[in-house]
Amino acid sequence: MKHLYTWGAIAAIVLASTTGDVLLARAMKQVGDVGELWHRCGLWKVVGRVARNPYFLFGVLSMTVAFYSLLFALSWGDVSLVGPASASLTFVANAIAARIFLHERVDRRRWMAALLVAGGVALLAG
Amino acid sequence: MTFRRYLVLAGVTVFAATGDSLLSRGMREIGNLSLHHLPELILAILNPWVALGIFFLLGFFATYMTALSWADLTYVLPASSLGYVLLALIAKFLLHEQVSTLRWLGIALISAGVGFVAGGPALTHVPPEQEPAVLDEPVETRAS
């Protein structure tokens, strides 16, 4: 039962985290290169610009859900399982989501990486 | 990719692995949580290990957002995933968890996946709706 709870929490982390990652990536692409903006406009302008972006706000909300799911998962399972498993599955889900929603060019090299990571996750769960 | 950008990616890795490990240690002290005791989950952030973990995860968030401003999501995530190896080392030597041979092999496979993307381009798509780089109001340019 504890095992089921752990994997349920991991699934929640992956879903919330992928949604958050995609929203945050879109927000930061709209904001532009932070280093360049900081140099030109100062830190507070950059912070204000990021904080006003609606994608950022919804992204943070999704990440908050992912964070509390992580707290649940860590209270039930080993960090060396929960950490890599949730992060790696999120990585695979992100490759799919980034291609669909962010129009990133996920080429053979990046898909290969996704498969290797998926294999790694299967071993971690074994 | 400049040295400063590699430094940002390293920051993503170190902050994430350290933050997760601190959270893990804190949650061990608190014990198992249940959905029937939600206030305990909120109060979990008062534990010093959890609080320190959150501090490191804020560092992770800042560096992660910076990296996402100039690189693809599918580049940033794998490029910073050497943290899994760091996480396993922390779990084994500091948290004294059992990390089996199969888990080490899994971590090695994940790291190999990193190698595939690390050599490719960091950015493959810039959304057309990107905001103009110059802000509306006049801005003082810092001396360079």
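Predicted model: local features only at pLDDT ≥ 70, side-chain atom pairs only at ≥ 80, totals over all residues.
**Exercise 1.** Describe the contact between the two chains, with attention to the side of chain A.

*Solution.* 
- Step 1. Count each side: chain A gives 51 residues and chain B gives 53.
- Step 2. List the elements of chain A that give two or more residues to the side touching chain B. They are helix 1, helix 2 (34-41), helix 4 (54-76), helix 5 (79-101) and helix 6 (108-125).
- Step 3. Find the top contributor. Helix 6 of chain A gives the most to this side, 11 residues.
- Step 4. Sort the side of chain A that touches chain B by class: 27 residues are nonpolar, 13 polar and 11 charged.

**Exercise 2.** Outline the fold of chain B, then check the span of its helix 1.

*Solution.* 
- Step 1. Count the elements of chain B: six helices and zero strands. Along the sequence the pattern reads α-α-α-α-α-α.
- Step 2. Take burial. Chain B has 144 residues, and 41% of them count as buried.
- Step 3. Take contacts in chain B with a separation of 6 or more. Residues 24 or more positions apart account for 76% of them.
- Step 4. Check helix 1 of chain B (residues 3-30). Its 28 residues reach 41 Å from first C-alpha to last. At 1.5 Å a residue, 40 Å is expected, so the span is close to expectation.
- Step 5. Look just after helix 1 of chain B. There B:G31 takes a positive phi of about 95°.

**Exercise 3.** Classify the packing of helix 2 against helix 3 (residues 43-51) in chain A.

*Solution.* 
- Step 1. Read the geometry: the two helices pack at about 130°, and their axes are 7 Å apart.
- Step 2. Apply the angle classes. Helix 2 of chain A is therefore oblique to helix 3 of chain A.
- Step 3. Name the residues in contact. Helix 2 of chain A uses A:V34, A:L37, A:W38 and A:C41. Helix 3 of chain A uses A:L43, A:K45 and A:V46.
- Step 4. Sort this contact by class: six residues are nonpolar, none polar and one charged.

Methods: Residues numbered from 1 in each chain as written. Chains lettered and ligands numbered in written order. Contact = placed C-beta atoms within 7 Å. Helix = DSSP H or I, 4+ residues; strand = E, 2+ residues; numbered from the N terminus. Nonpolar A, V, L, I, M, F, W, Y, C, P; charged D, E, K, R; others polar. Buried ≥ 20, exposed ≤ 12 C-beta atoms within 10 Å, placed from the backbone. Axes fitted to C-alpha atoms, helices over the stretch in contact; angles between N-to-C directions. Parallel < 35°, antiparallel > 145°, perpendicular 65-115°, else oblique.
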